[in-house]
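Work through the exercises below with the sequence and the model open. Each task is followed by a solution in steps.

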Amino acid sequence: MDVEKIVASLHPLERKVVPVLKECGTLKEVIEKTGLCEAEAMRALQWLENKEALKIISEVKELIQLNSNGKEYLKKGLPERRFLETVSKQLLPIRKIGTASGLNEEEVTVCLGLLKSKAAIAIDNGIVEVTKIGQEALKKEWLEEAFLKRLSAGGVAPTALTPEEQFAYDIFKKRKDIIKTDVEKIKRFELTDIGKSLTETEMGDLETADRLTPEMLKDGSWKDKTFRRYDVTINVPKVNRGKRHFVNQATDYAKQVWVELGFKEMEGTHVNTCFWNFDALFTAQDHPVRDMQDTFYLKSPKEGKLPDNTVVNGVKSMHEKGGNIESTGWQYAWNGDVAKKNVLRTHTTVLSAKTLAALKKEDWPAKYFAVGRCFRNEAMDWCHLFEFNQFEGIVVDPESNFRNLLGYLKLFMNKLGFPKARFRPAYFPYTEPSVEIDVYHPTHEKWVELGGAGIFRPEVTVPLLGETIPVLAWGPGFDRIMMEYYGVTDLRDLYKNDLKQLRTMKQWMR
Amino acid sequence: MPSVKLNKQVFSNLVGKELSDEELSEQIPMIGTDLENVGETEIDVEVFPNRPDMLSEQGFARAFSAFIGEKIGLRTYTVKPSGSKVIIDPSVAAVRPYTACALVKNLKFDDEKIREVIQIQEKLHVTFGRNRKKLAIGLYPLEKIKLPIKYFAEDPNKVKFQPLESEQEMSAIQILSKHPAGRDYGHLLEGKDKFPFFSDADGAILSMPPIINSHRTGKIGKDTTEVFIECSGFDLNTCNICLNIIVTALADMGADIYSMELEYSEGKKITPDLDARRIKLDVPFINRWLGLELTEDQMSELLAKMGYGFDSGFVLVPAYRADILHMVDIAEDAAIAYGYENFEPEIPNVATIGEEAPIEVFRRRIADILVGIGLLETNTYNLTNAEDQNTKMGVDIKLAELESAVNTDYNVLRAWMIPSLMKVLQDNKSNEYPQNIFETGTCFKLDETTETGVNEFLRVAVTLCGAEVDFTRIKQVLDCLFDAASVEYESRETEHPSFISGRVARISVAGIDVAYIGEVNPQVLEDWGVEMPVAAFELNLTELYKHLKIN
């Protein structure tokens, strides 16, 4: 860029700074010379750097300086010298040294250790004696004392220490408040060739217009103005936009896909009786999945009500003896009180059970979906959470079959960005056949397990729908799909609500 | 799910074919088990709970061998009558009414085989036996006991024996508190007047099911060649199947099975009964269910790969299968044998109309409006704790509580949303201000008129947090929301402990209260450790939506 153009694009702040650049080398000097505040001067320098007029160099300077005790020792002498002087004049028991030398208890202890290690003193029956080495030492200036003096003259950079000073420094570092290391951040700059010629160029009329104002437009004065040139390539500060939570963006998308495929959304509660969550889904009352360690039971209100007798009796008879269909059932005495207990839904399949119970035959064929929160009583870690998302679907159509189930699941996985899906045999008490869905993760080159699907057993559909028809059903987890998409590796990060994360998280773009 | 370790060498001997690691990794999951690992010498699998017969190496290999076409069809086992009896005293009816028993002879035990037998027993106890509650298994060296056996119930203070791995004799009641197995499983007998026992012809106690065997008569060793096996529980059918699973596994090790006569008061029964169950194969049903067009022959061939027999239109179900309740179970096995990977996925041409739940559409519209005025949406848990919901907010709402939550920070269901947002503000003190956030979510209130006693509402809460925040700002947001939804609302003065007195309003629509709005009380901010002013409102979307729908 030629210098003329640069001059025309200078901001008033830069115009103030440019003339003093030649005589300054640091931000501090620029502030002193121009009288600008630090932020203004820094901004001007950064803009000039963008224009390649100068280069800002940030330096961190460390300086070893005297701390409170150091300053005191400089005046009074090091405690160990005072200790040694005191005991060289008279033999004293340890406990009296403090008062005699004016040292506190802690200093006395430190001195004892220090001087003993230097063999400057010897202790005999609790009486401290100065050794020959000690007496010699008293006559000389010590390395530590020389170092204190040097520091008192304005501090030393750690890199500038002589070997002797380094020795003293290492000792002082371990002791209390003798020295400290101050860190000073220095902003320095160097002029480039452009910068140098800039400082030699006349700044010209300072009256170039910075902003176009409504007044200029009203009175036509804009016609006489030249507008300062902007650096249009400059990076601008980020703005925060309003934004949906990334998990909700993904679940909204999943809903949209199901709606496109002709599915109707199911609604329902999170708190349900065991009857709907387990019994209606032909899960025997002693099945381990109903254990307290997996399931959130409610302490209050502990129990709910059972639905009308037809459904309850149908379910009871199915559990006990397979109802009136050719099934053995689970062959035990079903207990209505167990079914009354309230739980937080362990799967969205509870919505399917309720939907089937309410569905009339004239509404067949019918397809339903839900995407919702489910609950599991377990400790949190990177791959376990007590709340998780499932997507649920059912197809009620006498003509459906297993191949259709696989067809729907495959298509849905495709829409979520997984072109390869695999199906494995699985087991759930309420579906037969049962399927486990895996999708192939192209970048990790591995199969990722997503969860289950199947065809509802007649033991489920007969009490709820009144007939043995193959109701296709699925309820895989949705969290892993979201984690893969957003690059989240810890499940808890889906709900940590760190606003910075929310502001910067990528948009769901499928 | 129970995991089972298979010794690779033993396994492939049983299967009758050596397979490469790749073949094992590919085939094992397709039979309906989760493969964990194929290692140097061991294979780790997780068996689904519907297949207790696959919990042993023998049972697993039997199923796998058929599946890969090596040894297909029904396996038959010879049961010779032993002529020995088990007398079941009516006194057990009230504590543990049933047992199924057998003798197994010609065993060749070594350490490895004993390990296998213990593994089968333990896995069956945990899964099929529901931690011994439903069912427990005992094995006893035949050389130490004298037939016939008696199964009876007696006052636990009156019966004494030396429990397994114990130095001394104890009374049955003492065992519950003094023996490790007694402490683990004692709750299954606690409070009963009489405990169940097995004893031999000399009256020596063999065991106290489901807790512990006797040390003297109930310990299997390398020298044991003949055993007495019993399964006791509450359902005879379950006991029978469990016995069948064990004796067939032992028979696959090379042993011989002998039946016993069980003298129940209602009549005599002979166990084990290893005759296959006959079920009429419903070919059209299975084809319809699976979307296939298989002939009866093709279907019976598939079922042979799952270990079934077939005889003139009837499927022969092995006596060790616990999971065949209905024709669908046979359909699934046909599907597994057919290979899930061989099914052609197909979307049927069924016309149905897709639709989102209207309230969910409404909820998204509300979120979009708030996003449009620059708010950031959060997503927090439904679960929280009473301190956050009540104490820190200066209120006392009755909450729906959870039983035995593992994580005590999350043991109630939230009754309102603003505390959830306060928590977000608390966690984000180091992030840039202003922090203007909102969330839509479910809130839970006690309500006896509902099916569960809990009523659930959809709510939206907004909190504005920053130096410039005040009542006007938050009211602007609410006003904008109602404007966008074309809803007229009224505000009136009110008091609420979570808000500054004189700066809180109740909002109503058509005479129904739907929201609180105000500047959050500095005491609340202090309790949360939030050092910036907060203004907030919380609006009941369920109520608002009802209003919109009527009008």
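Two strands count as paired if DSSP finds at least two bridges between them. Helices (H or I, at least four residues) and strands (E, at least two) are DSSP runs, numbered from the N terminus. The model is predicted: local features need pLDDT of at least 70 and side-chain atom pairs count only at pLDDT 80 or more, while totals for chains, interfaces and linings use all residues. Residues are numbered from 1 along each chain as its sequence is written, with chains lettered from A and ligands numbered from 1 in the order in which they are written.

**Exercise 1. A hairpin in chain B**

Task: Find how many residues lie between E2(B) and E3(B) in their hairpin, and how many bridges join the two strands.

Solution. 
- Step 1. Locate strand E2 (residues 33-38) and strand E3 (residues 42-47) of chain B.
- Step 2. Three residues separate E2(B) from E3(B), and the two strands form a hairpin.
- Step 3. The strands run antiparallel and are joined by five bridges.
- Step 4. For one position, look across from Asp34(B): Glu46(B) in E3(B) stands opposite.

**Exercise 2. A three-stranded sheet in chain B**

Task: Give the strand order of the open sheet that contains E16, E17 and E18 of chain B, and state which strands are at the edges.

Solution. 
- Step 1. The order is E16-E18-E17 (chain B), and the pairing is antiparallel.
- Step 2. Strand E16 (277-280) and strand E17 (309-311) of chain B are the edge strands, each pairing on one side only.
- Step 3. On average, neighbouring strands in this sheet are turned by 30° against each other, direction ignored; the axes behind such angles are lines fitted to C-alpha atoms.
- Step 4. Between E17(B) and strand E18 (residues 314-317) of chain B there are three bridges. Gly309(B) has Leu316(B) in E18(B) as its bridge partner.

**Exercise 3. The two sides of a helix in chain A**

Task: Which residues of H8(A) are buried, and which are exposed?

Solution. 
- Step 1. Apply the burial rule: a residue is buried if 20 or more other C-beta atoms, placed from the backbone, lie within 10 Å of its own, exposed if 12 or fewer, and partly exposed in between.
- Step 2. Glu107(A), Cys111(A) and Leu115(A) are buried in H8(A). They lie on the same side of H8(A) because they cover an arc of only 55° around the axis, taken from the directions between the helix axis and the C-beta atoms.
- Step 3. Glu105(A), Glu106(A), Gly113(A) and Ser117(A), on the other side of H8(A), are exposed.
- Step 4. The buried residues pack against helix H6 (79-89), strand E3 (121-124) and helix H9 (132-139) of chain A.
- Step 5. Just after H8(A), Ala119(A) has a positive phi of about 60°.

**Exercise 4. Chain dimensions**

Solution. 
- Step 1. Buried residues amount to 37% in chain A and 46% in chain B.

Technical notes:
Two residues are in contact if their C-beta atoms, placed from the backbone, lie within 7 Å. Axes are lines fitted to C-alpha atoms, for helices over the stretch in contact, and angles run from 0 to 180 degrees between N-to-C directions.
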